[in-house]
Amino acid sequence: MCAAALAMAWLPVQAADRVNDVAVKAAYLVRFLPFVEWPVPGTGPLVIGVFAHEDMVRHLEAILPGRRVSGREVQLRRVQASEAHDNLNAIFLGQPLQGGRLADSLKGQPVLVVADGGLPDGAMLGFVIVDGRVGFEASPAAAARVGLKLGARLLAIAERVQR
Amino acid sequence: VSSRTPPRSLRRKLLMIVMAATGAAMATSMAALLAHETWQYRQSGLRDLQAQAELLSKSLAPTLLFNDRKAARDTLATLTARPDILEAVVMAADGGTFATHRAHDAPDSGEATTGWLPLLTELSLTYRISESGETLGQLQLTRRLDLAQRLQGLVAILIAAAVPGLALAALIFRRLHPKVTGPVLAVAEAARQVKDERRYDIRVTATSDDEIGQLIDAFNRMVRDLALEMSERRGAEEALRLADRRKDEFLATLAHELRNPLAPIATAVELLQRAGDDEARRTRSIDIIRRQLKQLVRLVDDLLEVSRITRGKLELRREPVELTALARTACEAAQPVVEQRRHSLDIDLPAEGVWVQGDAARLLQVIVNLLTNAAKYTPPQGRLRLSVKATGDGAVDLAVEDNGVGIAPEHREQVFDMFFQVDHSLGRGSAGLGVGLTIASQLVAMHDGRLSLHSDGLGQGSRFTVHLPTVAPPAAAAPAALAAPDVRDESGPRPGGAKVLIADDNTDFADSLGALLRADRHQVRVVHNGLDAWGALQRDWADVAFLDVGMPGLDGLQLARRIRAGAPSRPITLVAVTGWGQASDHQRVMEAGFDQHWVKPFEPERALRLAADLRGPAAPPA
């Protein structure tokens with residue numbers, strides 16, 4: 001098992017997501033939430049949208065039921081690029097958004113954008129694989145532009161913080 | 001002196017106790033202080049670790065959340081600034097070690113010291129790392145406890161305080177210990193003085209009423225009692241010595257007194273031998289011999305009396321006695337010595353009789369003795385006085401007073417002691433043996449009375465008082481026949497003289513008595529054993545027979561029985577003559593049939609009187 005993990009660690013970074021990585025990312029995605037401050041703290045459920053990543057949806061569906069973050073329920077939304085969503089708190093982009101209603105509806109909105117594979121434009125947190133381990137990069141500036149605040153303790157363990 | 005001073009070990013012991021107690025108290029408080037300090041130190045260390053762990057866990061929570069060991073290590077690396085934290089271990093929720101940090105000088109945790117030592121040198125804390133209520137893992141912090149260093153200073157301070165503390169205790173002890181040791185040492189010193197120097201006047205002053213005070217009191221009482229006993233013992237020894245000396249003096253006096261009459265007797269015998277027909281010289285010689293014999297007899301009587309009284313062998317024959325008659329008789333008896341010294345004697349007696357229960361002869365002896373003493377110890381032409389006065393409380397005082405030499409106060413108690421003589425300068429002849437007052441006092445005491453002495457001092461005269469309980473007069477108030485107690489007054493005088501038989505193996509005694517009676521014109525026969533006496537009586541009866549009890553052949557008792565048995569109806573007065581005057585002898589003699597029991601030596605007058613009284617017509621003609 002250990003040997004397997006080591007072997008995997010030596011695989012090219014850009015290789016397709018391994019099953020384990022998606023599970024970790026799903027867990028991380030939920031774990032990001034307590035470290036994020038939204039400009040208007042809501043009281044209802046925290047809504048996480050997942051775009052273009054069925055694996056992630058599946059994993060989230062597995063862990064979310066009953067899971068509360070800061071006392072709030074966490075809901076999962078499978079989102080399409082063609083749809084506008086104005087009640088998302090966070091969104092995971094399986095692929096970069098190339099325009100569309102979804103992108104428009106997110107623009108300027110206090111929605112935590114989590115990308116996969118670095119920090120594309122507009123993404124605030126992005127998963128990276130470092131030394132075979134899932135890590136993340138952060139762009140507090142991008143977050144600040146929409147009024148979000150990334151916790152210092154989160155930034156402290158980010159692989160890279162984009163200024 | 002210094003070698004005798006006892007070692008002051010008491011003080012040393014007390015000092016040891018005080019120092020030990022003080023040291024123990026100090027050590028205890030030091031230990032308590034150190035324990036408290038240790039505890040405090042551990043507590044503050046724990047609080048510090050707690051705060052540290054809390055701080056670290058904030059940073060460590062995300063690293064666990066996002067599985068960032070490097071970040072965790074980095075976070076723990078901040079502990080480098082805390083060299084006292086030996087080890088920090090982050091454990092993941094699954095129990096695996098997530099990150100560790102070790103101070104560069106930390107001992108290998110694998111070789112952790114065992115036993116209780118880590119408790120004092122290390123402090124460990126396990127802190128739960130959680131985020132939003134989710135337990136992510138735990139943080140174990142171990143820090144060094146530098147207790148030794150921490151306590152080192154404190155111990156130094158405490159020791160620095162203990163030294164002056166003990167010194168202060170010693171100083172206080174020095175100031176205060178005399179309160180305790182002082183009295184004890186005083187008692188010890190006093191005891192030493194009592195023991196070594198035999199000083200019994202030592203007293204220790206008690207300054208408190210605690211146990212030491214009690215000790216001192218007890219000691220003082222003990223010494224006082226001891227002193228009392230010692231002085232009593234000394235007094236007793238002194239009295240014993242005195243009595244011994246008196247006895248020696250008495251023996252000397254006795255020898256002297258017994259010897260005294262012998263010289264004149266010897267002279268008189270010489271005179272008699274050469275007297276020839278010189279009647280006057282013979283008479284004078286005989287008078288001398290008679291007088292000296294009387295003196296000898298009196299001496300021996302006194303001695304026998306003393307012996308009898310001191311051995312408790314004297315028995316009183318007590319009967320109602322009329323005291324005033326007795327007093328008169330005594331005055332008559334004492335008349336010769338009173339007249340000889342040309343004293344005047346006043347007699348003051350109550351009109352009615354005063355009766356006491358007593359032995360008339362003994363009481364008479366007492367009164368005569370007092371009168372004789374008064375006459376002797378009063379210069380010639382003195383004034384004597386005899387008085388009898390009822391005291392009203394059922395008793396009577398018979399007092400004999402004189403205006404003579406008196407008695408010094410210091411001798412008042414001693415005059416009743418045996419062999420005591422106030423003034424040895426008085427001639428031996430008049431002084432006697434010094435037993436008269438002893439006898440008198442003891443005789444009075446035997447009569448339930450008291451003989452007391454009053455004298456205002458030397459030259460002030462004396463008054464002896466016989467205090468006796470009185471009794472009611474007997475129904476037939478006949479005075480005891482004192483004037484002639486031994487006389488059988490049944491026959492009148494006879495012209496031919498009495499027929500007298502004398503039987504005694506002491507030929508001198510028998511012949512002399514016989515001569516005396518013959519001189520009084522009695523018919524006297526003298527024999528020297530019982531059988532001859534019996535034969536003589538068979539040949540010719542007698543009016544009176546003086547029979548020696550201890551004769552060879554037929555002794556007096558057997559002879560008397562034979563006489564009484566042989567002729568129970570023929571009148572004869574049997575007089576037993578013995579050297580023993582004991583009560584038991586008296587009884588045996590009377591049972592044998594004797595009429596009278598005379599103890600040798602008796603006065604010749606007595607025999608003459610008896611023979612004279614038996615003269616009479618009742619006796620058969622010669």
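## Close-up views of the two-chain model

**View 1. Ser105(A) sits in helix 4 (residues 101-106) of chain A.** Helices here are DSSP runs of H or I with at least four residues, strands are runs of E with at least two, and both are numbered from the N terminus. This is a predicted model, where local features need pLDDT of at least 70, side-chain atom pairs count only at pLDDT 80 or more, and totals for chains, interfaces and linings use all residues. On bookkeeping: residues are numbered from 1 along each chain as its sequence is written, chains are lettered from A and ligands numbered from 1 in the order in which they are written, and side-chain values use heavy atoms, with hydrogens and water left out.

Is Ser105(A) buried or exposed? With a relative accessible area of 16%, Ser105(A) is buried, since buried means under 20%, exposed over 50% and partly exposed in between (1.4 Å probe, protein chains only). Leaving aside residues up to four places away in sequence, Ser105(A) touches Glu83(A), Ala84(A) and His85(A); a contact is heavy atoms within 4.5 Å. The side chain of Ser105(A) has a polar atom 3.1 Å from the backbone nitrogen of His85(A), and that side chain also reaches the backbone oxygen of Leu102(A) at 2.8 Å. Polar contacts are pairs of N or O atoms within 3.5 Å; within protein, one must be able to donate a hydrogen and the other to accept it, and residues adjacent in sequence count only if both atoms are side-chain atoms.

**View 2. Here is chain A as a whole, with six helices and 10 strands.** Of its 163 residues, 44% count as buried. Among contacts in chain A with a separation of 6 or more, 52% come from residues 24 or more positions apart. The accessible surface of chain A is about 8,400 Å², and 54% of that belongs to carbon and sulfur atoms; areas come from the Shrake-Rupley method with a 1.4 Å probe, and for residues only the protein chains shown count as cover.

View 3. The contact draws 14 residues from chain B and 13 residues from chain A.

How many salt bridges does the rule find across the interface of chain B and chain A? There are four, each a side-chain nitrogen of Lys or Arg within 4 Å of a carboxyl oxygen of Asp or Glu. Glu134(B) pairs with Arg67(A) in a salt bridge, the closest N and O atoms being 3.7 Å apart.

**View 4. Arg143(B) lies in strand 4 (residues 134-144) of chain B.** At 10% relative accessibility, Arg143(B) counts as buried. Beyond residues up to four places away in sequence, Arg143(B) touches several others, among them Tyr41(B), Asp48(B), Arg82(B) and Glu122(B). The side chains of Arg143(B) and Asp48(B) make a polar contact (3.1 Å). The C-alpha atoms of Arg143(B) and Leu46(B) are 9.2 Å apart, though 97 residues separate the two along the chain.
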